[in-house]
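Dear colleague,

I am passing this structure on to you, and my notes on it follow below. Please read them alongside the sequence and the model.

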Amino acid sequence: MSKHVPDTAVANAALGTTREASRRDHKPYQVRHLDEIEWETIRWPGETGKMLFHPRPEDPTQPNAGILRLEPGAYHPEHYHGFAQVWLVLKGDFVIDGRICMPGTMLYHPDPHFEGEFRTETGGEILIVQYPGPTTGERPIYAGRFNMETRKSVAEERVDL
């Protein structure tokens, strides 16, 4: 039995706008390649990452977007986020909040959410995109999370944001 999902195309077509579509005032897309970015230390044990995009003062709504690389045995405890995120498992097997997630598995975390306990025995890679929560307005955090000089112990890390 499939769940009916209403088509929003009709509703979108009925939206009124006074804006004329034009390249005069558009923001161009941005391009990064994985080879242009160095692997950075991430706050949880066994995790490094390449965040190709991340919020900055000149572009505060840019998402955290990139690749997490996880060593065999990497893990993190359950913790809270006020922003939304999407993950795509690229390599390896992961147990996320008690569920086995293999390559090709996509996860969507709405805002706000608790990111469940996470473990991998195989190690692997996950594409992640974290973006401002449409409900909470909270933004993903880059500084001090994805670019750490030295990782703290899990007990020292905050799990409430």
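**Salt bridges and backbone**

Lys91 counts as partly exposed, at 48% relative accessibility (buried means under 20% relative accessible area, exposed over 50%, and partly exposed in between, with a 1.4 Å probe and protein chains only). This is a predicted model, in which local features need pLDDT of at least 70 and side-chain atom pairs count only at pLDDT 80 or more, while totals for chains, interfaces and linings use all residues. Residues are numbered from 1 along each chain as its sequence is written, and side-chain values use heavy atoms, with hydrogens and water left out.

The structure holds five salt bridges, a salt bridge being a side-chain nitrogen of Lys or Arg within 4 Å of a carboxyl oxygen of Asp or Glu. In one of them, the side chain of Lys91 meets that of Glu125 at 3.9 Å, N to O. This pair links distant parts of the chain, 34 residues apart, with Glu125 in strand 12 (residues 124-131) and Lys91 in strand 6 (residues 84-91); strands (E, at least two residues) are DSSP runs, numbered from the N terminus. Glu125 is buried, with a relative accessible area of 14%.

Another salt bridge joins Arg56 and Glu58, whose closest N and O atoms are 2.8 Å apart; Arg56 is partly exposed at 22%, whereas Glu58 is exposed at 60%.

As for the backbone, the peptide bond from Asp111 to Pro112 is cis, with omega near -15 degrees, and Pro112 lies in the loop between strand 9 (106-109) and strand 10 (113-115).

Technical notes:
Helix = DSSP H or I, 4+ residues; strand = E, 2+ residues; numbered from the N terminus.
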